[in-house]
Amino acid sequence: EIDSLGPSLVTFKFVWNKFAPPKIQFFCWLAWINIVKTTNFLQNIGVIQATGPALCVFCKAEPESSIHVLLHCYFAWKVWAAMMDWWELQGALPGSVEDIFHRWDCVNLNRKEKWIWKVIPLAVLWSLWKLRNECIFESAMPQLVDLCELIKIRVALRLKQ
């Protein structure tokens, strides 16, 4: 069983799966090791000037860290909750991207459903990041229902290939 080989292998198998294109795998790997290039991250390493706290584009209330934008922001939490609700499941959102993969791996599904289920976290992480960039660079407005539908479409397209 994969779990007996350690937590990193479970995450590795989620991130580097055959259903996600390389750019999504790479992004999810960055999220896993917590080096997504948020404004806060870029300020901390001196790439951009810190003119004040870089706030999350979704909630505009908390500093924009990768964990906040992808997991802990209320908007991100609503997206994760909607994806779980899609499968008629409930649960608490873990504290890290790695924890997401571990908890996601524990759901008891049949083989076909499990493949679909494994694509969802990658699609959610990627879709949140893409929307974050659209909000910053194209002045888009975050729309929960639209994003959730887009995630479902991305999941279906990934599995069709």
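Patches are made of residues with over 30% relative accessible area and no salt bridge, where like charges are joined within 9 Å and nonpolar side chains (Val, Leu, Ile, Met, Phe, Trp, Tyr) within 5 Å. The structure is a predicted model, in which local features need pLDDT of at least 70 and side-chain atom pairs count only at pLDDT 80 or more, whereas totals for chains, interfaces and linings use all residues. Residues are numbered from 1 along each chain as its sequence is written, and side-chain values use heavy atoms, with hydrogens and water left out.

Phe 12, Trp 16 and Phe 26 form a nonpolar surface patch of about 300 Å² (area by the Shrake-Rupley method with a 1.4 Å probe; for residues, only the protein chains shown count as cover). Phe 26 lies in helix 2 (helices are DSSP runs of H or I, at least four residues, numbered from the N terminus). With a relative accessible area of 44%, Phe 26 is partly exposed (buried is under 20%, exposed over 50%, partly exposed in between; 1.4 Å probe, protein chains only).

Two salt bridges were found in the whole structure (a side-chain nitrogen of Lys or Arg within 4 Å of a carboxyl oxygen of Asp or Glu). One joins the side chains of Glu 64 and Arg 132 at 2.8 Å, N to O. This pair links distant parts of the chain, 68 residues apart, with Glu 64 in the loop between helix 3 (39–44) and helix 4 and Arg 132 in helix 7. Glu 64 is buried at 0% relative accessibility, and Arg 132 is buried at 4%.

Methods: Helix = DSSP H or I, 4+ residues; strand = E, 2+ residues; numbered from the N terminus.
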